[in-house]
Amino acid sequence: MTDALARIDAAFADAGVTGRLHALDIDSGAQLGAGADQPVCTASVHKLCLLVALHELAAAGRLDLTEQVESPPADRTAGPTGVAAMLDAARMSLRDLAYLMVAVSDNAAADLLLRRVGLDAVNATTARLGLTATLAVHSFGEMLATVKEDAGPEGARALADPRVITRLRALDPARTNRSTPRDMTRLLGAVWRDEACPPEHGAAVRRILGLQVWPHRLASGFPFDDVHVAGKTGSLPTLRNEVGVVEYPDGGRYAVAVFTRTGHTAATLPAADAVIGTAARIAVDALREKARRSR
(Lines give C-alpha, C1' and ligand atoms only; values in the text may rest on other atoms or scores of the structure.)
Protein backbone atom coordinates (compact mmCIF):
# COMPACT_ATOMS: atom_id res chain seq x y z
CA MET A 1 0.00 0.00 0.00
CA THR A 2 2.90 2.36 0.74
CA ASP A 3 4.20 1.99 -2.81
CA ALA A 4 0.72 2.67 -4.21
CA LEU A 5 0.40 5.85 -2.15
CA ALA A 6 3.78 7.04 -3.39
CA ARG A 7 2.73 6.41 -6.98
CA ILE A 8 -0.55 8.24 -6.44
CA ASP A 9 1.28 11.24 -4.98
CA ALA A 10 3.69 11.21 -7.92
CA ALA A 11 0.80 11.04 -10.40
CA PHE A 12 -0.89 14.04 -8.79
CA ALA A 13 2.39 15.97 -8.85
CA ASP A 14 3.06 15.12 -12.49
CA ALA A 15 -0.43 16.36 -13.42
CA GLY A 16 0.07 19.59 -11.51
CA VAL A 17 -2.73 19.02 -9.03
CA THR A 18 -3.25 18.64 -5.31
CA GLY A 19 -5.22 15.45 -4.85
CA ARG A 20 -7.30 13.79 -2.16
CA LEU A 21 -8.33 10.16 -2.58
CA HIS A 22 -10.04 7.29 -0.85
CA ALA A 23 -10.62 3.81 -2.26
CA LEU A 24 -12.70 1.11 -0.59
CA ASP A 25 -13.19 -2.58 -1.32
CA ILE A 26 -16.95 -2.61 -0.87
CA ASP A 27 -17.11 -6.24 0.25
CA SER A 28 -13.96 -6.76 2.35
CA GLY A 29 -13.68 -3.26 3.79
CA ALA A 30 -10.02 -2.92 2.77
CA GLN A 31 -9.16 0.67 2.01
CA LEU A 32 -6.49 3.08 0.88
CA GLY A 33 -6.44 6.82 1.39
CA ALA A 34 -4.43 9.93 0.63
CA GLY A 35 -5.88 12.92 2.46
CA ALA A 36 -9.07 10.88 2.80
CA ASP A 37 -10.46 12.92 5.70
CA GLN A 38 -9.62 16.37 4.36
CA PRO A 39 -12.69 18.55 3.70
CA VAL A 40 -13.31 19.07 -0.01
CA CYS A 41 -15.73 21.09 -2.13
CA THR A 42 -18.08 18.61 -3.73
CA ALA A 43 -19.44 20.81 -6.56
CA SER A 44 -21.69 18.55 -8.69
CA VAL A 45 -20.59 15.44 -6.81
CA HIS A 46 -23.19 16.49 -4.23
CA LYS A 47 -25.84 15.51 -6.78
CA LEU A 48 -25.14 11.95 -5.65
CA CYS A 49 -26.38 12.86 -2.16
CA LEU A 50 -29.51 14.42 -3.69
CA LEU A 51 -30.09 11.31 -5.81
CA VAL A 52 -29.94 9.03 -2.77
CA ALA A 53 -32.23 11.33 -0.76
CA LEU A 54 -34.73 11.37 -3.64
CA HIS A 55 -34.90 7.57 -3.64
CA GLU A 56 -35.07 7.39 0.14
CA LEU A 57 -38.17 9.61 0.07
CA ALA A 58 -39.65 7.56 -2.77
CA ALA A 59 -39.06 4.33 -0.85
CA ALA A 60 -40.86 5.85 2.15
CA GLY A 61 -43.85 6.78 -0.02
CA ARG A 62 -43.28 10.52 0.45
CA LEU A 63 -43.02 11.17 -3.27
CA ASP A 64 -43.72 9.41 -6.56
CA LEU A 65 -40.80 9.21 -8.98
CA THR A 66 -43.22 9.48 -11.92
CA GLU A 67 -44.54 12.82 -10.63
CA GLN A 68 -44.40 15.40 -13.41
CA VAL A 69 -42.52 18.68 -12.98
CA GLU A 70 -42.91 21.83 -15.07
CA SER A 71 -39.75 23.68 -16.09
CA PRO A 72 -40.38 27.09 -17.65
CA PRO A 73 -37.26 28.49 -19.38
CA ALA A 74 -37.24 31.70 -17.35
CA ASP A 75 -36.95 29.83 -14.06
CA ARG A 76 -34.00 27.52 -14.66
CA THR A 77 -30.58 27.24 -13.10
CA ALA A 78 -27.92 27.99 -15.70
CA GLY A 79 -25.76 25.30 -17.23
CA PRO A 80 -24.42 23.91 -20.52
CA THR A 81 -26.30 20.60 -20.54
CA GLY A 82 -29.75 19.05 -20.28
CA VAL A 83 -32.77 21.14 -19.33
CA ALA A 84 -30.45 24.00 -18.39
CA ALA A 85 -29.44 24.39 -22.04
CA MET A 86 -32.94 24.04 -23.51
CA LEU A 87 -34.86 27.03 -24.90
CA ASP A 88 -38.46 25.92 -24.49
CA ALA A 89 -40.70 24.87 -21.65
CA ALA A 90 -40.27 21.26 -20.55
CA ARG A 91 -42.26 18.80 -18.46
CA MET A 92 -40.84 15.56 -17.18
CA SER A 93 -40.88 13.12 -14.28
CA LEU A 94 -38.72 13.29 -11.18
CA ARG A 95 -36.88 10.14 -12.24
CA ASP A 96 -36.09 11.55 -15.68
CA LEU A 97 -34.81 14.73 -14.09
CA ALA A 98 -32.61 12.54 -11.89
CA TYR A 99 -31.24 10.86 -15.01
CA LEU A 100 -30.29 14.22 -16.55
CA MET A 101 -28.85 15.45 -13.24
CA VAL A 102 -26.38 12.57 -13.20
CA ALA A 103 -25.83 11.58 -16.83
CA VAL A 104 -24.94 15.09 -18.05
CA SER A 105 -24.73 16.92 -14.69
CA ASP A 106 -27.73 19.09 -15.53
CA ASN A 107 -27.88 21.93 -12.99
CA ALA A 108 -31.46 22.88 -13.82
CA ALA A 109 -32.67 19.31 -13.33
CA ALA A 110 -30.80 19.12 -10.03
CA ASP A 111 -32.39 22.27 -8.65
CA LEU A 112 -35.85 21.21 -9.77
CA LEU A 113 -35.34 18.02 -7.77
CA LEU A 114 -33.91 19.95 -4.85
CA ARG A 115 -37.04 22.10 -4.68
CA ARG A 116 -39.06 18.92 -4.33
CA VAL A 117 -36.72 17.11 -1.94
CA GLY A 118 -35.29 19.98 0.12
CA LEU A 119 -31.83 20.61 1.56
CA ASP A 120 -32.95 19.34 4.96
CA ALA A 121 -33.87 15.95 3.50
CA VAL A 122 -30.53 15.69 1.70
CA ASN A 123 -28.68 16.42 4.92
CA ALA A 124 -30.92 14.03 6.87
CA THR A 125 -29.99 11.25 4.44
CA THR A 126 -26.25 11.83 4.71
CA ALA A 127 -26.52 12.13 8.51
CA ARG A 128 -28.45 8.85 8.72
CA LEU A 129 -25.69 7.12 6.80
CA GLY A 130 -23.02 8.45 9.16
CA LEU A 131 -21.45 10.93 6.75
CA THR A 132 -20.50 13.38 9.48
CA ALA A 133 -18.30 15.57 7.25
CA THR A 134 -20.87 15.91 4.46
CA LEU A 135 -23.21 18.90 4.29
CA ALA A 136 -25.30 20.64 1.63
CA VAL A 137 -25.54 24.35 2.40
CA HIS A 138 -27.08 25.70 -0.80
CA SER A 139 -28.60 24.75 -4.14
CA PHE A 140 -26.49 24.44 -7.27
CA GLY A 141 -27.90 27.68 -8.61
CA GLU A 142 -27.01 29.44 -5.37
CA MET A 143 -23.49 28.02 -5.54
CA LEU A 144 -23.06 29.34 -9.09
CA ALA A 145 -24.45 32.70 -7.99
CA THR A 146 -21.65 33.01 -5.42
CA VAL A 147 -19.11 32.39 -8.19
CA LYS A 148 -20.66 35.13 -10.31
CA GLU A 149 -20.81 37.55 -7.40
CA ASP A 150 -17.26 36.81 -6.25
CA ALA A 151 -15.87 37.12 -9.79
CA GLY A 152 -17.11 40.70 -9.99
CA PRO A 153 -18.14 42.86 -12.94
CA GLU A 154 -15.79 41.19 -15.44
CA GLY A 155 -17.74 37.98 -15.10
CA ALA A 156 -16.32 34.72 -16.45
CA ARG A 157 -13.23 36.45 -17.85
CA ALA A 158 -12.13 37.25 -14.31
CA LEU A 159 -11.87 33.54 -13.53
CA ALA A 160 -8.62 33.42 -15.48
CA ASP A 161 -7.05 35.54 -12.74
CA PRO A 162 -5.60 33.45 -9.88
CA ARG A 163 -6.24 36.33 -7.48
CA VAL A 164 -9.96 36.15 -8.25
CA ILE A 165 -9.95 32.38 -7.77
CA THR A 166 -8.70 32.80 -4.20
CA ARG A 167 -11.84 34.74 -3.20
CA LEU A 168 -14.43 32.29 -4.57
CA ARG A 169 -16.59 31.00 -1.73
CA ALA A 170 -17.47 27.98 -3.87
CA LEU A 171 -13.85 26.82 -3.54
CA ASP A 172 -13.83 27.01 0.27
CA PRO A 173 -15.17 23.83 1.92
CA ALA A 174 -16.21 25.86 4.95
CA ARG A 175 -18.61 27.97 2.86
CA THR A 176 -20.04 25.59 0.27
CA ASN A 177 -21.37 22.05 -0.20
CA ARG A 178 -18.72 19.78 1.22
CA SER A 179 -17.63 16.27 2.14
CA THR A 180 -14.49 14.14 2.37
CA PRO A 181 -13.26 11.37 0.08
CA ARG A 182 -13.90 8.81 2.84
CA ASP A 183 -17.49 9.97 3.32
CA MET A 184 -18.14 9.62 -0.39
CA THR A 185 -16.84 6.06 -0.62
CA ARG A 186 -18.89 5.21 2.46
CA LEU A 187 -21.98 6.54 0.68
CA LEU A 188 -21.19 4.58 -2.47
CA GLY A 189 -20.57 1.43 -0.46
CA ALA A 190 -23.96 1.85 1.20
CA VAL A 191 -25.63 2.26 -2.20
CA TRP A 192 -23.96 -0.83 -3.64
CA ARG A 193 -24.80 -2.94 -0.55
CA ASP A 194 -28.45 -1.75 -0.57
CA GLU A 195 -27.99 -0.09 2.83
CA ALA A 196 -28.78 3.43 1.62
CA CYS A 197 -32.12 2.48 0.05
CA PRO A 198 -34.23 -0.67 -0.33
CA PRO A 199 -32.93 -2.93 -3.14
CA GLU A 200 -35.34 -1.67 -5.80
CA HIS A 201 -34.26 1.91 -5.22
CA GLY A 202 -30.61 1.01 -4.79
CA ALA A 203 -30.71 -0.64 -8.21
CA ALA A 204 -32.26 2.52 -9.69
CA VAL A 205 -29.51 4.70 -8.19
CA ARG A 206 -26.81 2.37 -9.51
CA ARG A 207 -28.40 2.35 -12.96
CA ILE A 208 -28.42 6.14 -13.18
CA LEU A 209 -24.81 6.43 -12.02
CA GLY A 210 -23.87 3.93 -14.69
CA LEU A 211 -25.37 6.17 -17.38
CA GLN A 212 -23.01 9.10 -16.82
CA VAL A 213 -21.58 10.07 -20.20
CA TRP A 214 -18.16 11.47 -19.23
CA PRO A 215 -15.29 9.05 -20.02
CA HIS A 216 -12.33 11.36 -19.37
CA ARG A 217 -11.88 11.12 -15.60
CA LEU A 218 -12.52 8.00 -13.49
CA ALA A 219 -13.45 5.76 -16.41
CA SER A 220 -10.23 6.63 -18.27
CA GLY A 221 -8.29 4.50 -15.78
CA PHE A 222 -10.29 1.37 -16.61
CA PRO A 223 -10.45 1.05 -20.42
CA PHE A 224 -11.80 -2.51 -20.50
CA ASP A 225 -15.05 -3.78 -21.97
CA ASP A 226 -15.64 -6.10 -19.02
CA VAL A 227 -15.00 -3.52 -16.27
CA HIS A 228 -17.98 -1.31 -15.43
CA VAL A 229 -17.57 2.19 -14.03
CA ALA A 230 -20.46 4.18 -12.55
CA GLY A 231 -19.97 7.61 -11.07
CA LYS A 232 -20.58 11.32 -10.71
CA THR A 233 -18.23 14.13 -11.65
CA GLY A 234 -17.96 17.60 -10.17
CA SER A 235 -16.25 20.69 -11.60
CA LEU A 236 -15.61 24.29 -10.65
CA PRO A 237 -12.78 26.65 -11.60
CA THR A 238 -9.53 24.80 -10.72
CA LEU A 239 -11.51 21.83 -9.30
CA ARG A 240 -11.99 18.45 -10.96
CA ASN A 241 -13.61 15.64 -8.97
CA GLU A 242 -15.22 12.27 -9.46
CA VAL A 243 -16.61 9.59 -7.20
CA GLY A 244 -17.75 6.21 -8.43
CA VAL A 245 -17.66 2.45 -8.27
CA VAL A 246 -15.51 0.15 -10.41
CA GLU A 247 -16.86 -3.38 -10.89
CA TYR A 248 -14.73 -6.25 -12.22
CA PRO A 249 -16.02 -9.43 -13.89
CA ASP A 250 -14.69 -11.52 -10.97
CA GLY A 251 -17.13 -9.74 -8.62
CA GLY A 252 -14.71 -7.20 -7.17
CA ARG A 253 -16.40 -3.86 -6.34
CA TYR A 254 -14.41 -0.77 -5.43
CA ALA A 255 -15.69 2.66 -4.42
CA VAL A 256 -13.28 5.45 -5.30
CA ALA A 257 -13.42 9.18 -4.58
CA VAL A 258 -10.87 11.55 -6.11
CA PHE A 259 -10.91 15.31 -5.55
CA THR A 260 -8.30 17.52 -7.21
CA ARG A 261 -7.35 21.16 -7.39
CA THR A 262 -4.84 22.88 -9.65
CA GLY A 263 -3.23 26.30 -9.69
CA HIS A 264 -4.00 26.58 -13.41
CA THR A 265 -7.15 28.49 -14.28
CA ALA A 266 -7.61 27.02 -17.77
CA ALA A 267 -10.95 25.30 -18.28
CA THR A 268 -9.35 22.55 -20.37
CA LEU A 269 -6.55 20.60 -18.68
CA PRO A 270 -6.51 17.02 -20.00
CA ALA A 271 -3.77 15.91 -17.60
CA ALA A 272 -5.78 17.10 -14.59
CA ASP A 273 -8.80 15.14 -15.81
CA ALA A 274 -6.84 12.00 -16.67
CA VAL A 275 -5.00 11.78 -13.34
CA ILE A 276 -8.31 11.02 -11.64
CA GLY A 277 -8.44 7.77 -13.60
CA THR A 278 -4.73 7.11 -13.12
CA ALA A 279 -4.86 7.56 -9.35
CA ALA A 280 -8.04 5.49 -9.07
CA ARG A 281 -6.49 2.66 -11.07
CA ILE A 282 -3.38 2.60 -8.85
CA ALA A 283 -5.58 2.46 -5.75
CA VAL A 284 -7.87 -0.26 -7.07
CA ASP A 285 -4.95 -2.35 -8.30
CA ALA A 286 -3.43 -2.14 -4.81
CA LEU A 287 -6.68 -3.29 -3.18
CA ARG A 288 -7.01 -6.16 -5.65
CA GLU A 289 -3.43 -7.24 -5.03
CA LYS A 290 -4.02 -7.14 -1.28
CA ALA A 291 -7.08 -9.35 -1.70
CA ARG A 292 -5.18 -11.77 -3.91
CA ARG A 293 -2.40 -12.15 -1.35
CA SER A 294 -4.84 -12.75 1.50
CA ARG A 295 -6.49 -15.72 -0.21
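How much space lies in the largest cavity? About 50 Å³ of space lies there, a cavity being a set of points, on a 1 Å grid over the protein atoms alone, where a 1.4 Å probe fits but cannot get out. The structure is a predicted model, in which local features need pLDDT of at least 70 and side-chain atom pairs count only at pLDDT 80 or more, while totals for chains, interfaces and linings use all residues. Residues are numbered from 1 along each chain as its sequence is written, and side-chain values use heavy atoms, with hydrogens and water left out.

**Cavity and pocket**

- The count comes to 1 cavity of 30 Å³ or more; volumes are the space filled by probe spheres set on the grid points, which are joined across faces, edges and corners.
- His 46, Leu 50, Leu 114, Leu 119, Val 122, Ala 136, His 138, Phe 140 and Asn 177 line the largest cavity, where a lining residue has an atom within 4 Å of a point.
- The largest pocket holds about 1,000 Å³ of space; a pocket is an open set of points with protein on both sides within 12 Å along at least five of seven lines.
- Its lining comprises 36 residues, of which Pro 80, Leu 144, Ser 235, Leu 236 and Pro 237 are the closest to the centre of the pocket.
- Helix 6, strand 7 (228-236) and strand 8 (239-247) are the elements that give two or more residues to this lining.
- Helix 6 gives the most to the lining of the largest pocket, with 8 residues.

**Helix 6**

- Helix 6 covers residues 140-151; helices (H or I, at least four residues) and strands (E, at least two) are DSSP runs numbered from the N terminus.
- From first to last C-alpha, the 12 residues of helix 6 reach 17 Å, close to the 16 Å expected at 1.5 Å a residue, the expected span being 1.5 Å times one less than the number of residues.
- Phe 140, Gly 141, Met 143, Thr 146, Val 147, Asp 150 and Ala 151 are the buried residues of helix 6; buried means under 20% relative accessible area, exposed over 50%, and partly exposed in between (1.4 Å probe, protein chains only).
- The cover over these buried residues includes helix 2 (47-59), helix 4 (107-117), helix 7 (162-165) and strand 7.
- At the start of helix 6, a side-chain oxygen of Ser 139 comes within 3.5 Å of the backbone nitrogen of Gly 141.
- Just after helix 6, Gly 152 has a positive phi of about 90°.

**Nonpolar cores**

- The largest nonpolar core has 72 residues, and Leu 50, Val 117, Leu 187 and Leu 209 have the most contacts inside it; such a core is a set of buried Ala, Val, Leu, Ile, Met, Phe, Trp, Tyr and Cys residues joined through side-chain atoms within 4.5 Å.
- Helix 2 gives the most to this core, with 9 residues.
- A second, separate core of 30 residues includes Ala 11, Tyr 254, Val 256 and Leu 269.
- Beyond its neighbours within four places in sequence, Leu 50 is in contact (heavy atoms within 4.5 Å) with Met 101, Ala 110, Leu 113, Leu 114, Val 117, Val 122 and Phe 140.

**Asn 107**

- Asn 107 lies in helix 4 and is buried, with a relative accessible area of 11%.
- The side chains of Asn 107 and Lys 47 are joined by a polar contact of 2.8 Å; a polar contact is a pair of N or O atoms within 3.5 Å, and within protein one must be able to donate a hydrogen and the other to accept it, with residues adjacent in sequence counting only if both atoms are side-chain atoms.
- A polar atom of the Asn 107 side chain lies 3.2 Å from the backbone oxygen of Ala 78.

**Loop residues**

- Asp 194 and Ala 196 are both found in the loop between helix 8 (181-192) and helix 9 (199-209).
- Ala 196 is buried at 4% relative accessible area, whereas Asp 194 counts as partly exposed at 28% relative accessibility.
- The C-alpha atoms of Ala 196 and His 55 are separated by 9.1 Å, although the two residues are 141 residues apart along the chain.
- Phi is near 60° in Asp 194, a positive value in a residue other than glycine.
- In the loop between strand 7 and strand 8, Thr 238 has a positive phi near 75° and counts as buried at 5% relative accessibility.
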